[in-house]
Amino acid sequence: EAASLVKIELDKDLPTPNECKIRDLKPMLGKRILIHGWVHHMRWDGKRLLFIELRDGTGFLQSVLTDDLCATVDAITLKRESSVKLYGTLAEDDRAKGTFNGYELKVDYWELIGSSPAEIENILTKESNVDILLNNRHLVIRGTRASSILRARSLITQCFREHFFGEGYVELTPPTLVDTQCEGGSTLFKLDYFGSEGFLTQSSQMYLETGIPAVGDCFCILPSYRAELSSTRRHLAEFHHIEAECPFIDFEGLLDRVENLVVDVCARFMEKGADLLQTLNPDLKPLKRPFKRMDYTEAVEYCREHNIYKDEENKIHFEIGDDIPEAPERKMTDMIGEPILLCRFPAEMKSFYMKKCPEDPRLTESVDLLMPGVGEIVGGSMRIDDEKELLAAYEREEMDPRPYYWFTEQRKYGTCPHGGYGLGLERFCCYLLNVYHIRDVCLYPRYRGRIEP
Ligand code: 4AD
């Protein structure tokens, strides 16, 4: 075909273009620019007019190619997701209002960098099921919604760091390859560590505890691992754990810190992420302080009074001492409809390191933060700070104290009252972005049955 013989050339007499990113276009209006990116969508209007929606990772730009520019072999065979460089003049265009900030690039020259085959159109369709979407997660993340969520998650992580640094915390990086357990043997991932047994960490808490006599208030943002057999919309095998540890606080002080963190990060994100929230979750409201504080025993009472059952089918009520599992816990949280700091769980339900309540040694100074729609996002407690009491706890749990010597010695050399908490980043992202399933806020989710890509 004659059209395919068309060659285009860069006009050297035109003004030298400014190379820029889509997010920085404002001062470029009326100027000649050069932009690199990917063809997000394309639409032909006859044979001599081609609209390209260009994506460069910072935004989207409507671009228009006319005449010979769309008569080359590269233009005729162009497919979605090809990478290109576009030269042209940035103009204002009413048709581009809304989606493209009102800009349109009138292209005067372009080059194909990496082509994309036609089958790109058949990989992902409206009918694609979850497995197909996850197998092709590397392509899905290029989509508008998935990429916005990744961007939002990055901003949320930044807000956490800004909160902690603003409050004078020091960021530590404990190892994630460990030889101890923190949250019970049943969810430990075991591995062969040069011939000895090792684990993937369940929580960096114990290392953070050893950090407080060194740097005071400290935090970390690292992956934790749980061999969770249950597949629910809020359980991952690898999640990002935002953990903090604080010396010389009491239980009330701990609750205040959890509340401050969550309220402050939500407020910071609403400011920084206003653009993203407009499409992802326009209904997000600032969180109101103080959060409702409720004891575990009151929660059991609440469930009994509101027909939330331990066994739905046989209408069996919860009793004090029962663990309130995910589904009824969420039901209660959704009924109450606001964040709840659920406090003072019975000792036998909780981890070995938790401090007992002075007023009732059957209970612990522990807290879970429950959010409407998502359920538990934070777990924290005051820690046993007496060496003998800790040794007794290992014994009760049938744990060999030897690998924990460094954790125990934190109680030997200048112990102090202290507490801390862990927040699941992915669960909090689900809350802030109104995402139903936790896998949708992960770059590449890991849970039982999924280790690729
Ligand atoms: O309640 P957890 O198990 O508490 C701890 O690990 C403490 N050692 C933390 C500490 O005090 N430093 O976990 C804390 C939070 C949960 O509330 C939840 O948000 C998240 O970590 N989490 C998970 N998120 C996704 N998938 C999983 N399998 C998770 N397990 C815990």
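Predicted model: local features only at pLDDT ≥ 70, side-chain atom pairs only at ≥ 80, totals over all residues.

Visitor: Why is helix α13 described as largely enclosed by the rest of the structure?

Guide: A residue counts as buried if 20 or more other C-beta atoms lie within 10 Å of its own. In α13 the buried residues include Leu425, Arg427, Phe428 and Leu433. Helix α13 (residues 425-433) is largely enclosed because nine of its nine residues are buried.

Visitor: Which residue just after α13 takes a positive phi?

Guide: The phi in question is about 55°. The residue, placed just after α13, is Asn434.

Visitor: In the open sheet of three strands, which are the edge strands?

Guide: The sheet has the order β8-β10-β9, with antiparallel pairing. Edge strands pair on one side only, and here they are β8 (177-178) and β9 (189-193).

Visitor: Which residue of β10 is the bridge partner of Lys190?

Guide: Strand β10 (residues 196-200) pairs with β9 in the antiparallel sense over five bridges. In β10, the partner of Lys190 is Phe199.

Visitor: Which residue of β6 is the bridge partner of Gln62?

Guide: Strand β4 (residues 60-66) and strand β6 (residues 103-114) run parallel and are joined by three bridges. Strand β5 (residues 83-92) pairs with β6 in the antiparallel sense, over ten bridges. Ala91 has Glu104 as its bridge partner in β6. For Gln62, the bridge partner in β6 is likewise Glu104.

Visitor: How far apart do the C-alpha centres of domain 1 and domain 2 lie?

Guide: Domain 1 spans 2-120, while domain 2 is made up of 134-291 + 338-441. The distance between their C-alpha centres is 46 Å.

Visitor: How far apart are the end C-alpha atoms of residues 150-453?

Guide: An unreviewed UniProt entry annotates this span as "domain: Aminoacyl-transfer RNA synthetases class-II family profile". The span is 35% helix and 22% strand. Its end C-alpha atoms are separated by 17 Å.

Definitions and conventions: Residues numbered from 1 in each chain as written. Buried ≥ 20, exposed ≤ 12 C-beta atoms within 10 Å, placed from the backbone. Helix = DSSP H or I, 4+ residues; strand = E, 2+ residues; numbered from the N terminus. Pairing = 2+ DSSP bridges. Domains from an automatic or database assignment. UniProt positions renumbered as here; feature names shortened; annotations may be inferred.
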